[in-house]
Amino acid sequence: MNRDFYLYGGFFSGLITGAGLLQSIIYLILNGQMYGLESFTGWFLVSNMTYLIASIFFLKYYHSKRYHFTFYASIIHIIAVLFLSIVFYNMVAARAINKFYLPSVFVSLAAGVLYGMSLIFSRASERVWLKSAGIVILILGVLHLVDGIWYLKSDDNIVKANLDKVRPWLSMIGSLVPILFNINFRQEIKDIDGENLNDNQYKFYYNLLGFVSVVAFVLIVFFGVIFAGKAYSTVYWASRNFEKTRKMAEQFQARNFVNAAGEKLRYRLLKPVDYDPQKKYPLVVCLPYGGQPGTDTIRQIEGASAAEILSEDSNRRKYPAFLFVPNVPNGAGWGGVPNYPTVDTLVFQTLDALMQQESGIDVKRCYVTGISRGGYGTWHFITNRPNMFAAAIPVCGGGDPQLAPNIVNVSVWAFHGEKDKNVPVNGSRNMISAIQKAGGRPRYTEYKGEGHDIWYQVSKTPGLWDWLFAQKRN
C-alpha cells in the first residue's frame, strides 16, 4: 500500500464527512420533513454509493494491516447498514411503513457497537485515531440504542418530542467520525514517507480511482446543491406559512373539548361574519397537516389552508360559515394513514357536541377538506361518517377504496399532483375509480407534472368555493 491509496482513502473519508454533515444539518432543521423532500431520494442514493466506496477503502486497509477482528466486524456493519438503506429507501419511495425497518435499525446499531468495540479492543487500537473513532462509534451506538428503546416504550408525547430534538445532534456527531479516519490516513502517509508515489503495477488501478473520485465528488456536489436548495425553500415557505397561520389563529376562538373519558381536543372556531343566531350557516371542517412536533398550539394547526382562505374578510362575507380547525396532537393524525395513531373519534365527538351547542350550524351543510395528512383525514372522515358531511375536498390524500360505496351520495372534488412523491397519486385515483364503480359522480383534478405542493393551484380553481357552498345533504 502506497501513498496514493491513503490519499484516496483520505479523500473519500472527507467526502462522506461533508455529505454526512450536510444531511445532519438539514435533518436538524427539518427533522422528519427532510425525508419528504423530492430531492431526498437522489441524494440518498448518491451519498450511500459514496459511503460504500469509502467502506471498501477501509476494508482494504484493515485487511492489509491484518486487523482481522476489525475487518470482519466492518463487513458485518457494512452489510447491516446497506440492508437498512435498502429498506429505508423502499419505505420512503412507497410512503409506507416497512415491517423490516425497526429490526434492521436495531441490527445496524448493534453492528455499529460491535465495529466500535473492534477498533478499541483489537490490534487496530495501536493506531490512536482508529481507537478514538472506535470510542465515538461505540458511545453513539449505545446512545442510539437507548434512544430507540426509550422512544418505543414511552407513551409520553413530550418525551418523544424531546428525543426527536436530541437525535439530530447525535447524527451530526456521527457524521464527523470519518474525520478521525482521515487523520489516520494522513498519519500513515507520514509513516511511509519516501515510498514511490505510483507503482507501475497499480497505475491503471489508481487512474480508475481518480476517475471514480471525480465522478463521486461531482455527484455529491450536484445532488447536494439540489438537496440543500429544496431544504432552504422548505424552511422559507414554512416560515411564511407559520406567519400566515399565526395571523389566521388571531381571528379564531381557542376552545377545548373533553369527552366522558377525559380525553381533550384543542380546536379553533371562527363564527360567520355578522353572525345572526336566527340564521343557519354551513360548517367547514379544515384538517391541518400540522407543523413541527412540540407544544406550540399554532404549529398544530399549520396546513389548514382552506381556513386561511375562507377567513379572509372578502371570503367571510361572500361565504359566511363556521370554520372549525382541530389541533394535530403530537404523533397522531386524522385517520386513513396505515399504522398511524388517529384521533378521529375524538374529533367526531367534538363536532357532535359543537352542532348541539351552536344552533346556527346547518347540519345539512357540513363540509370537510385537508391537504396531505389532512387529505387522508378527509377521505377517512367521509367514508366513516358519510351522514355527517355533504361535501369534501381532499387534496393529495388517499383512502380505503373498499369503503367507497359509503360515499356515493357525498359530493367530492379531489385534487392531486401527478408526480407527487410524498403521497402517491394512486391514493386519489383509486378512490375516484372506486366511487365511480359504486355509482357515484365525484370530481377529480390531477395536475400533470406537479408534485405535492399544489394547494396554490387548487385554491385558484374557478368555481371551487361556489361549488362547495352549494352542496347540501339530503
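Is S372 buried or exposed, and what is its relative accessible area? S372 is buried, with a relative accessible area of 17%, a value that falls under the 20% limit for burial. The points below take up this residue and other features of the structure, which is a predicted model.

1. **Backbone at S372.** S372 is not a glycine, yet its phi is positive, at about 60°. The residue is placed in the loop between strand 5 (361–371) and helix 12 (373–384).

2. **Backbone at D274.** A positive phi also occurs at D274, a residue other than glycine, where the angle is near 55°. D274 belongs to the loop between strand 2 (264–270) and strand 3 (281–287). With 61% relative accessibility, D274 counts as exposed, whereas S372 is buried.

3. The structure contains 36 aromatic pairs. One of them joins Y6 and Y61: the ring centres are 6.2 Å apart and the planes stand at 80°, so the arrangement is edge-to-face. Because Y6 is in helix 1 (residues 3–30) and Y61 in helix 2 (residues 40–65), the pair ties together parts that are 55 residues apart in sequence. Y6 and Y61 are both buried.

4. **The pair of Y319 and F469.** These two residues form a stacked aromatic pair, with 4.9 Å from centre to centre and 10° between the planes. Y319 is found in the loop between helix 10 (313–318) and strand 4 (322–326), and F469 in helix 15 (residues 464–470), so this pair ties together parts that are 150 residues apart in sequence. Both Y319 and F469 are buried.

5. **An aromatic cluster.** Ring pairs also link a set of residues into a cluster, whose members are F5, Y6, F11, F12, F57, F58, Y61, Y62, Y67, Y115, F181 and F185. Y6 and Y61, described above as an edge-to-face pair, are thus among the members of this cluster.

6. **Arginines over rings.** Two arginine placements deserve attention. R385 lies over the face of F348, at 5.1 Å from the ring centre. R443 lies over the face of W413, where the distance to the ring centre is 4.8 Å.

7. Side chains of opposite charge can pair when their charged atoms come close. The structure holds 13 salt bridges. In one of them the side chains of R127 and E188 meet at 3.6 Å, N to O. R127 is in the loop between helix 4 (101–120) and helix 5 (128–153), while E188 is in helix 7 (residues 177–191), so the contact ties together parts that are 61 residues apart in sequence. Both R127 and E188 are buried. Through salt bridges that share partners, K65, R127 and E188 are joined into one network.

8. **The bridge between E308 and K244.** The closest N and O atoms of this salt bridge are 3.8 Å apart. The pair links distant parts of the chain, as E308 lies in helix 9 (residues 305–310) and K244 in helix 8, 64 residues apart. The two partners may be set side by side: E308 is buried, with a relative accessible area of 13%, while K244 counts as partly exposed at 43% relative accessibility.

9. R317 and D313 form a salt bridge through their side chains, at 3.4 Å from N to O. Both residues lie in helix 10, 4 residues apart, which is about one turn of the helix. D313 has 48% relative accessibility and therefore counts as partly exposed.

10. **A nonpolar surface patch.** Which residues form a nonpolar patch on the surface? They are F11, V214, F217, V218, V221 and V225, which together have about 510 Å² of accessible area. Helix 8 (residues 203–251) supplies the largest share of the patch, namely 5 residues. F217 lies in that helix and, at 42% relative accessibility, counts as partly exposed. F11, a member of the patch, also belongs to the aromatic cluster.

11. **Surroundings of S24.** S24 lies in helix 1 and counts as buried, at 5% relative accessibility. Leaving aside residues up to four places away in sequence, S24 touches S171, M172 and S175.

Methods. Residues are numbered from 1 along each chain as its sequence is written. This is a predicted model: local features need pLDDT of at least 70, side-chain atom pairs count only at pLDDT 80 or more; totals for chains, interfaces and linings use all residues. Side-chain values use heavy atoms; hydrogens and water are left out. Patches are made of residues with over 30% relative accessible area and no salt bridge: like charges are joined within 9 Å, nonpolar side chains (Val, Leu, Ile, Met, Phe, Trp, Tyr) within 5 Å. Accessible areas come from the Shrake-Rupley method with a 1.4 Å probe; for residues, only the protein chains shown count as cover. A salt bridge is a side-chain nitrogen of Lys or Arg within 4 Å of a carboxyl oxygen of Asp or Glu. Helices (H or I, at least four residues) and strands (E, at least two) are DSSP runs, numbered from the N terminus. Buried means under 20% relative accessible area, exposed over 50%, partly exposed in between (1.4 Å probe, protein chains only). Rings of Phe, Tyr and Trp (its six-membered ring) pair if their centres lie within 6.5 Å; planes under 30 degrees apart count as stacked, over 60 as edge-to-face and the rest as tilted. A charge sits over a ring if NZ of Lys or CZ of Arg is within 6 Å of the ring centre and within 35 degrees of the ring normal. Contact means heavy atoms within 4.5 Å.
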